[in-house]
Amino acid sequence: MAKKIEAYCMKCKAKKVMADPTEGTTKNGKPIVKGKCPDCGTTICRIGAIK
């Protein structure tokens with residue numbers, strides 16, 4: 001079962017549940033989760049590790 005990660009979509013101006021979330025790190029080593037907005041397809045990000 002995939003985790004449901006919420007992030008704010010700047011295009012839709014609302015919180016959305018990410019489609020296809022993937023974990024990674026920023027250039028300075030902080031954890032980040034990137035995914036797609038299910039409505040408009042824009043990349044949305046959430047800083048912090050998945051818990």
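Predicted model: local features only at pLDDT ≥ 70, side-chain atom pairs only at ≥ 80, totals over all residues.
Let's start with the hairpin. Strand β1, residues 6-9, and strand β2, residues 14-17, run antiparallel to each other and are joined by 4 bridges. One spot to look at is Cys9, whose bridge partner in β2 is Ala14. Between the two strands sit 4 residues, and Lys13 in this hairpin has a positive phi near 60°.

Next comes an open sheet of 3 strands, in the order β3-β4-β5, with antiparallel pairing. At the edges you'll find β3 (19-25) and β5 (43-47), each pairing on one side only. On average, neighbouring strands here are turned by 25° against each other, ignoring direction. As part of the picture, Lys36 has Thr43 in β5 as its bridge partner.

Now for the cysteines. How many disulfides does a search of the whole structure find? The count is 0. Cys37 is in no disulfide, and its nearest cysteine sulfur belongs to Cys40, 3.7 Å away. A disulfide needs the two sulfur atoms within 2.5 Å, so the 3.7 Å between the sulfurs of Cys40 and Cys37 is too far for a bond.

The two residues also compare as follows in accessibility:

| Residue | Relative accessible area | Class |
|---|---|---|
| Cys37 | 3% | buried |
| Cys40 | 32% | partly exposed |

Cys37 counts as buried because its 3% lies under the 20% cut-off. Cys40, at 32%, is partly exposed.

Terms used
Residues numbered from 1 in each chain as written. Heavy atoms only, no water. Pairing = 2+ DSSP bridges. Axes fitted to C-alpha atoms, helices over the stretch in contact; angles between N-to-C directions. Buried < 20%, exposed > 50% of the residue type's maximum accessible area, 1.4 Å probe, protein only.
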